[in-house]
Amino acid sequence: MFGEKAFDLLKELERSSQTIPAFDDDGVRQVLEEIKAIFEENVAQASSYNASGDRSLWPLLNFRHAALQRNKRCLLAYLYERCRRIKALRWEFGPIIPGDIKQALCEPEVTFFNNYSKSLAAYMCSAGYNQGLPIDLTNNLRPPKSLYIEVRCMEDYGKFELDDGEVIHLKKNSQHYLPRAQVESLVRQGILHHIA
């Protein structure tokens with residue numbers, strides 16, 4: 001039946017709503033081949049319709065065209081949702097994709113992530129141009145309840161210098177009371193764990 005593979009791509013993506021599943025090259029290729037085959041059949045029958053004027057082919061041509069359009073919409077929805085999730089990765093993890101997630105992305109998606117990251121960084125630099133410092137829009141995704149948070153170090157990180165020049169040694173299982181704005185990126189990377 002027309003459109004089953006395209007619909008399966010969307011169902012697979014919907015099942016894994018928290019993560020990005022591996023890009024389904026084979027499934028996308030099958031959908032594109034089905035679109036091409038439907039289009040070629042329609043072109044062949046449309047030319048025979050033009051020659052003979054037989055209106056009995058008209059419903060079949062319309063049905064195939066609707067199936068072709070549905071496949072295209074499903075494929076575009078699949079790609080759009082993946083791009084939306086890739087953008088969310090930039091806001092959540094910063095400019096570097098974690099290794100396990102990067103394996104699920106195809107090469108054009110990694111390029112898209114890098115270009116989106118560069119564009120966001122350029123915008124943040126231009127937004128803070130008047131103050132002389134770039135504004136990091138990814139820091140406070142939710143309004144903070146306090147300016148300082150208590151964190152536990154999950155791995156040996158080494159020295160970490162705060163904005164005031166104080167150097168803190170982040171060793172595994174050590175606890176610190178630090179400014180939220182300066183350590184939020186380390187919390188998102190999993191190096192520090194926010195103790196509630």
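In which sense, left-handed or right-handed, does helix 1 pass helix 3?

## Basis of the model

The model is predicted, so local features need pLDDT of at least 70 and side-chain atom pairs count only at pLDDT 80 or more, while totals for chains, interfaces and linings use all residues. Residues are numbered from 1 along each chain as its sequence is written, and side-chain values use heavy atoms, with hydrogens and water left out.

## Helix 1 and helix 3

Helix 1 (residues 4-15) passes helix 3 in a left-handed crossing (the near helix is turned anticlockwise from the far one by less than a right angle; clockwise would be right-handed). Helices (H or I, at least four residues) and strands (E, at least two) are DSSP runs, numbered from the N terminus.

The two helices pack at an angle of about 25°, with their axes 8 Å apart. Helix 1 is therefore roughly parallel to helix 3 (angles under 35 degrees count as roughly parallel, over 145 as roughly antiparallel, 65 to 115 as roughly perpendicular and the rest as oblique). Axes are lines fitted to C-alpha atoms, for helices over the stretch in contact, and angles run from 0 to 180 degrees between N-to-C directions. From helix 1, residues including Phe7, Leu10 and Leu13 meet residues of helix 3, among them Cys74, Tyr78 and Arg85; contact means heavy atoms within 4.5 Å.

## Helix 3 and helix 5

Helix 3 (residues 58-93) also packs with helix 5 (residues 107-127), at an angle of about 50° and with the axes 10 Å apart. These two helices are therefore oblique to each other, and helix 3 passes helix 5 in a right-handed crossing. Ile86, Leu89 and Trp91 are among the contributors from helix 3, and Phe112, Tyr116 and Met124 are among those from helix 5.

Three strands form an open sheet in the order 4-1-5, with antiparallel pairing. Two strands pair if DSSP finds at least two bridges between them. Strand 4 (175-179) and strand 5 (192-194) stand at the edges with a single partner strand each, so one side of each has no neighbour in the sheet. From one strand to the next, the twist averages 45°.

Helix 6 (residues 180-189) packs on this sheet and touches strand 1, strand 4 and strand 5. Strand 1 (residues 148-153) is joined to strand 5 by 3 bridges, and Val151 stands opposite His194 in strand 5.

## The hairpin

Strand 2 (residues 158-161) and strand 3 (residues 167-170) pair in the antiparallel sense over 4 bridges. Phe160 has Ile168 in strand 3 as its bridge partner. The two strands form a hairpin with 5 residues between them, and Gly165 in the turn has a positive phi of about 95°.
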